[in-house]
Amino acid sequence: MSTSFDTIDAANRRFEELFNAGKLDELVQCYTPEGKLLPPDKNKYEGREEIKKFWQGGRDAGISNLRLSTGTVVEAGPDRLIETSSYQHSLDKGNYQVIWKRAGEGKNEWQLDIDIFN
């Protein structure tokens, strides 16, 4: 396993933990400030506030027990990683792709920049 894989797998465990605990204010900090979420509802959610509203709607609809299975992580330059993986929760399962961006203070933190799932 590569260091990139381990880094994203750890980030996925944190995402699961925050979502399942309902800590959406903390969850949206996993996204870049200009992050984009493109779910199967054909809408595009841009920025942390819109992304938070989407995830709150999911929790309100009964989504719980989110589990992310990290698949592949490919390096795409010095500040981007592309993850292709699968998810499962109480109401559905599917696949997703995330473009992770090196961000944060000192650019040593990976954040979700574009999150697409079906």
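A contact here means heavy atoms within 4.5 Å of each other. The legends below describe a predicted model, in which local features need pLDDT of at least 70, side-chain atom pairs count only at pLDDT 80 or more, and totals for chains, interfaces and linings use all residues. Residues are numbered from 1 along each chain as its sequence is written, and side-chain values use heavy atoms, with hydrogens and water left out.

**View 1. Lys101 and the residues it touches.** Lys101 sits in strand β5, which covers residues 93-103 (strands are DSSP runs of E, at least two residues; helices are runs of H or I, at least four; both are numbered from the N terminus). Leaving out residues up to four places away in sequence, Lys101 touches Thr32, Glu34, Asp79, Arg80, Glu109, Trp110, Gln111 and Asp113. Is Lys101 buried or exposed? Lys101 has a relative accessible area of 19%, so this lysine counts as buried (buried is under 20% relative accessible area, exposed over 50%, partly exposed in between, with a 1.4 Å probe and protein chains only).

**View 2. Thr70 in strand β3.** Look for Thr70 in the strand made of residues 67-75. Thr70 is buried because its relative accessibility is 15%. Which residues does Thr70 touch, not counting those up to four places away in sequence? They are Phe5, Asp9, Asn12, Arg13, Glu83 and Ser85. Asn118 is 48 residues from Thr70 along the chain, and their C-alpha atoms are separated by 15 Å.

**View 3. The annotated span, residues 13-83.** UniProt, in an unreviewed entry, puts the feature "domain: SnoaL-like" here; positions follow the numbering used here, the feature name is shortened, and the annotation may be inferred rather than shown by experiment.

View 4. Three helices and six strands make up its secondary structure, running α-α-β-β-α-β-β-β-β from the N terminus on. The radius of gyration is 13 Å, close to the 13 Å that the globule rule gives for 118 residues, so the chain is as compact as a globular protein of that length (the radius is taken over C-alpha atoms, and the rule is 2.2 Å times the number of residues to the power 0.38). Along the principal axes, the C-alpha atoms fill a box of roughly 40 × 25 × 25 Å. Buried residues come to 39% of the 118. Of the contacts with a separation of 6 or more, 45% join residues 24 or more positions apart.
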